[in-house]
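Hi,

Here is the structure I promised to pass on. Have a look at it first, and then read my notes below.

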Amino acid sequence: MKKIELNNTTYSFVTNFRDNPRMRAVFNQLTEATYGFNCEFWYDAGFWGDQYIPYSLVHDDKIVSNVSISKMEFLIENEKKTGIQIGTVMTDQDYRHRGLNKFLMEEVLNEWKGRVDFIYLFANNTVLDFYPKFNFERVAECQYSKLLNASNTLASFKKLNVDEHQHRELLVRAINDSVPLAQVAMQNNTDLLMFYCLSFMRNSIYYHEELKAVVLADIEDETLQLNDVYSKDRVDLNEVIQLIGDKTIKRVVLGFTPLDTDGFGKKLLEPEDVLFVYKEHAELFENRSWRFPVLSHA
């Protein structure tokens, strides 16, 4: 731990404490208070890997502020790119407006800029004025969708239960071996995908035996939200959509940018979380009709 003095208060600056039970516990206390979840289930399942690193300030034996980074790999139009995604930005309610997140953001940027192809983050509407102070620029994303005339049902897909060892192994294998169906495709980050699959998406995982494909999808109000498809051999996205839909579904919305956009409508995305890219790297994403995969948000 390194001692830091900010506004006449001494804090301990800590990072990379994944395997420290005490530090992990106080980290989880802050994530629970801020976001309503914690990461202990992720750690216990063995998927909190080296790619996710918290940077935290400690005072009175508790973490009072945090900025985390996720080391990311993408295949963007067949070019390999490395990125750092900033996330889990939070400060204890009693310690806000003291410049703690400012200190941590500057530490992260000083450590990582120049080492990766781009640095980015997703911000909710309450903090849109915060990140431009650190040289981040807002970048638009596009959403792809199409009207659907499906006659099949989810019966052709088997729902996977991640609490069953065989199903979990099948899911992990599909993710590890998958070929991209997206123009911006996250690579080599099974850990992050399993965070979703073990929590928010655990009831949204399906497998098609004939296609040998795993699909993460939700159905709500006559709309199919297709978040991603994982398959060792490239599958026809339109075939997947037709197979997973049923007569009640009128539209499919993609959580990624398809390799082939023919037949899909495109509109400017109005997300809950807005994409910001560090200005030195923003040119890569400006004036492009892309969407970062929804399951790559850390």
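Before the numbers, one definition: on a 1 Å grid over the protein atoms alone, a pocket is an open set of points with protein on both sides within 12 Å along at least five of seven lines, while a cavity is a set of points where a 1.4 Å probe fits but cannot get out; a lining residue has an atom within 4 Å of a point. Grid points are joined across faces, edges and corners, and a volume is the space filled by probe spheres set on the points.

Now the background. This is a predicted model, so local features need pLDDT of at least 70 and side-chain atom pairs count only at pLDDT 80 or more, while totals for chains, interfaces and linings use all residues. Residues are numbered from 1 along each chain as its sequence is written, and side-chain values use heavy atoms, with hydrogens and water left out.

**Pocket and cavity**

The second largest pocket holds about 310 Å³ of space. Its lining is made of 21 residues, and those nearest the centre are Ile175, Ser178, Met186, Gln187 and Tyr230. Helix H4 (165–177), strand S10 (184–187), helix H5 (190–197) and strand S13 (223–231) each give at least two residues to that lining. (Helices, H or I of at least four residues, and strands, E of at least two, are DSSP runs numbered from the N terminus.) By type, the lining of this pocket has 13 nonpolar, 7 polar and 1 charged. Here Ala, Val, Leu, Ile, Met, Phe, Trp, Tyr, Cys and Pro count as nonpolar, Asp, Glu, Lys and Arg as charged, and the others, Gly among them, as polar.

How many cavities of 30 Å³ or more are there? The count is 1, and the largest cavity has a volume of about 30 Å³. Around the largest cavity sit Val139, Ala140, Glu141, Leu275, Phe285, Trp290, Arg291 and Phe292. That lining splits into 6 nonpolar, no polar and 2 charged.

**The seven-stranded sheet**

Next, an open sheet of 7 strands, with mixed pairing and the order S9-S11-S12-S13-S14-S8-S15. Strand S9 (158–159) and strand S15 (265–268) are at the edges with a single partner strand each, so one side of each has no neighbour in the sheet. Two strands pair if DSSP finds at least two bridges between them.

Strand S11 (residues 205–208) runs antiparallel to strand S12 (residues 213–220), joined by 4 bridges, and Tyr207 stands opposite Val214 in S12. S11 also pairs with S9, in the antiparallel sense over 2 bridges, where Tyr207 is the bridge partner of Lys158. In a regular strand the side chains alternate between the two faces of the sheet. In S11, Ile205 and Tyr207 point one way, Tyr206 and His208 the other way, and all are buried (buried is under 20% relative accessible area, exposed over 50%, partly exposed in between, with a 1.4 Å probe and protein chains only).

**Positive phi**

Most residues other than glycine have a negative phi. The hairpin of S11 and S12 has 4 residues between the strands, and there Lys212 takes a positive phi near 55°. Asn78 has a positive phi of about 70°, in the loop between strand S4 (62–76) and strand S5 (79–91); with 72% relative accessibility, Asn78 counts as exposed. His97 has a positive phi of about 65° and belongs to the loop between S5 and helix H3 (100–112). His97 counts as exposed because its relative accessibility is 85%.

**Two residues to look up**

Asp50 lies in the loop between helix H2 (40–44) and strand S3 (52–59), and counts as exposed at 55% relative accessibility. Leaving aside neighbours within four places in sequence, Asp50 is in contact (heavy atoms within 4.5 Å) with Arg18 and Lys71. The side chains of Asp50 and Arg18 are joined by a polar contact of 2.9 Å. (A polar contact is a pair of N or O atoms within 3.5 Å; within protein, one must be able to donate a hydrogen and the other to accept it, and residues adjacent in sequence count only if both atoms are side-chain atoms.)

Asn101, in helix H3, counts as buried at 14% relative accessibility.

Cheers
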